Amino acid sequence: MYVNFCGIRVRRVNGVIRQIYGNPESPYNKGHLCPKGQAGIFHTYNPYRVKALLKRTNPNKDPREDPKWKEISWEEAFNEIAKKLKEVREKDPRGLSFHWSHGKYLIQDKFLKAFCKAFGTPNNIHRTSVCETARHVADELTWGYHGILPDLDYTKYYINMGANFSEAEQWARWLDRTAMRRVVDEGMKMIVIEPRLSNLGAKATEWIPIKPGKDVLFLLAMAKELIKEGFVDKDFLVNYTDAPFLVGEDKKFLRDEKGNPLVWDEKNSKAVIYDNAEKISLDTEVEIDNKKYKTAFRIFKEYVLSLDDKEVEEITGVLYLKIKKVAREFGENAHIGETIEIEGHKLRYRPCAIHTFRGLSAKEYGTQNWRAGLIVNMLVGAIDAVGGLLIHKANPDYRNMKPSKCEYPPKRVDLAESVFYPHATHNVAQQPAYTYAEPEKYGLPYKPQMAIFYATNRIMSTADIEKQIEGFKKIYSVNINVVLDETAQMADIVLPDKTYLEDYHFSPTRWTPDSEHKAIRQPVVNVFNLKYGATEILFELAKRAGFLDKFIEEVNKAFKLKEKKFEKGKVYNSKEAVKLIWEESTGKPFDYALKNGLVAKKVDVKKRYLSNAEKYNGKEKPKMHFYTEQLVHTMEKVFEIMDKNENVKKVYMEWYEENDEKGLKKLLEIKFSPLPLKEHAFPTPHIKRNEKEFPFYLTTYKRMYRNQTDTHALNPVLNEIAHDADTNYVLINTKTARNLGINDGDRVYVESKTGKIRARVQLTQGIRPDTVAISYHYGRFSKVFPSYAKKGVMPNFIIELHPDIISGMNSFNDTKVKVYKA
């Protein structure tokens, strides 16, 4: 139901669920469970669930129109969908797209990706670009995969910039429990930097209200002060990163004839490959063959030292003395040069960390924002140090550690890893609707024909909802869901799904610094006697559409099954599938899973601290990317393709509102910079919108009552848990509102370049005077939803879309608006 995957136990009496508890054996939540988890009972007994198979009879697919559903049988539905799948596959299998979000967290996306591969389509589209994909891509560009957590058991100074675990966040249960124990009981300092005083900010040692979108400059200023004060872990930068690599005026590394990057050997006064250097210089400028070269660190150092204190203060909205104080405290708590012994291992000790989730990433410059955060962590050597920022599954050969291929024409409807979004390794959820509407605009070499949606409400979760609707009208769609949300209302056929309390799943889980575990879900009830769950639907469709054996082959590959495998020709039910995967992956009998639910193990010190960053430590090892030179090479490919294809240029110009090629190329040079820049604090709306016409920044957030899934809007328990849990507001600073003649509870219009919405005001001192905030998951308009689920407003109607070109991230927190009384 929610992506923390808390372990649960369910009390059932006479076939009816009576209570949901936290599972004390879960190493993640350790028996704790939030009200959302406890309210999951209604998720399953929800009277507004899809209980029958539905077929559209009204050709008008606008979600606000009545689809005039006709109930059909499973046989009729499977046959019609299978017939359509066969037609698409015979014509061009790329014509199928498969969209999911929460579906990944139910049956796992290994099944879903296997279905797509077996069918022959590249178009598997997850929802990460409407969540936190820019953070993932920044991680991948820097250290070769994604997944970070602060080492909170040992952290002394924790800076949180948009990982709001008191209201949302995918590790919220562990973060909240661990961080607050450290803050309250052990004196850890937690600094929360965000425009709105969130629940987390209220619990922090200090809340620093920064202007939206200006985080990158705050971090660069922190780097300036750390360098000035000498808080730099030079050994870490030299041994683990490419900071000492020599860079030419073309922004590329100086290389030998074999393509190896060169460093400056101080002892022998010459440029050599890293492994041959006797004394590597971190901070130098040299001249070689009448050409000037600087180390990557020197380039960064000179840039941040050139930043003007007053300008930083004006742009960020934070007193520069405050930034200096935070940087000094961060540096002092880094304990640079110190070690600590744990379980016989001598380890680097850097008990400070900067951490983010969606706050830094949901922006036009999301990748560069978090790159700045990673660089500050690297400056003090906090990566994989005790008390620092822990990384997960580092892979020096990961494809984002290299220049993108910049595919053109694009292979995928979401344009991921094409010239449009070169490093978008996590799909681009908001793009397909635009491509469906105008495939030729993006050079797509085939016509999209059909889409399957599984547990995702795509039109409500992305910017510019009206354009999403227009795009999805163009295709035949099938929707697998538990409720008739807005996207399901556009479907040609709707298939009911079982809930997480009604089916077998090999469940995803969350790792923590000291634990990992594998788990199953098993059915407690089947309230409406549904015959199939999503796993079984996939097997049935693959059989009837003629690619069952290929599907089974791909499933075996996806789960890396060796001893126990799915047999070709067999249609599996969910229990059989989960049993096979469990026994292969854990080595334990399925009866153990049914009784215990999970198998857990403690992470030892070596795996916790010495298995990721150490892949980059010392000679004969690749290096983390302090300087992302691969972006320079990617940019050159982008320019080459753009110069040959006018439509590529036009798309860029439309996205970023540039009118001439010269201005566009200058902008792209900024976007693909190998180091974060001051310019990354100025997304398109901050530059292009007239300050007098659109004076306010709009920021978005999630209230704890509604998160991730449609069913929260329908849950009467969560809607009644607080006096205003069933609606949301426009949050406006009290003094600002008074100056506008607006009072608490007034109705106002919030208008952007994209459109306007009408909402009720809530006055607060806990937000910047130049900023307004609106939460997600309200303002639903599905015709079958009850009135209590439709209260409030949805900000995505007015969010501008200027995507992060590197990662494909949707720019949720960059829009400028005006506010006036309704």
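**Exercise 1. Work out the strand order of the open sheet that contains S11, and say which strands sit at its edges.**

Step 1: The sheet has 3 strands, in the order S11-S15-S14, and their pairing is antiparallel. Helices (H or I, at least four residues) and strands (E, at least two) are DSSP runs, numbered from the N terminus. Two strands pair if DSSP finds at least two bridges between them.

Step 2: Now look for strands that pair on one side only: these are S11 (246-247) and S14 (285-288), the edge strands.

Step 3: Zoom in on one pair. S11 and S15 (residues 291-295) are joined in the antiparallel sense over 2 bridges, and Leu 246 stands opposite Thr 295 in S15.

Step 4: H11 (residues 296-305) lies across S11, S14 and S15, at about 80° to S15.

A quick note on the model: it is predicted, so local features need pLDDT of at least 70 and side-chain atom pairs count only at pLDDT 80 or more, while totals for chains, interfaces and linings use all residues. Residues are numbered from 1 along each chain as its sequence is written, and side-chain values use heavy atoms, with hydrogens and water left out.

**Exercise 2. Describe how H5 packs against H18.**

Step 1: Start with the axes (lines fitted to C-alpha atoms, for helices over the stretch in contact, with angles from 0 to 180 degrees between N-to-C directions). Those of H5 (residues 109-119) and H18 (residues 534-544) come within 11 Å and cross at roughly 15°.

Step 2: Name the arrangement. H5 and H18 are therefore roughly parallel to each other; that label covers angles under 35 degrees, with over 145 roughly antiparallel, 65 to 115 roughly perpendicular and the rest oblique.

Step 3: List who touches whom, where contact means heavy atoms within 4.5 Å. Phe 111, Leu 112 and Phe 115 in H5 meet Thr 535, Leu 538, Phe 539, Leu 541 and Ala 542 in H18.

**Exercise 3. Find out how enclosed strand S30 is, and which strands pair with it.**

Step 1: Count buried residues (under 20% relative accessible area; exposed is over 50%, partly exposed in between; 1.4 Å probe, protein chains only). In S30 (residues 771-775), 5 of the 5 are buried, so the strand is largely enclosed by the rest of the structure.

Step 2: Check both faces. Thr 771, Ala 773 and Ser 775 are buried on one side, and Val 772 and Ile 774 on the other.

Step 3: Find the partners. S26 (residues 696-701) pairs with S30 in the parallel sense over 5 bridges, with Thr 700 opposite Ile 774. S27 (residues 730-733) pairs with S30 in the antiparallel sense over 3 bridges, and here Leu 731 stands opposite Ala 773.
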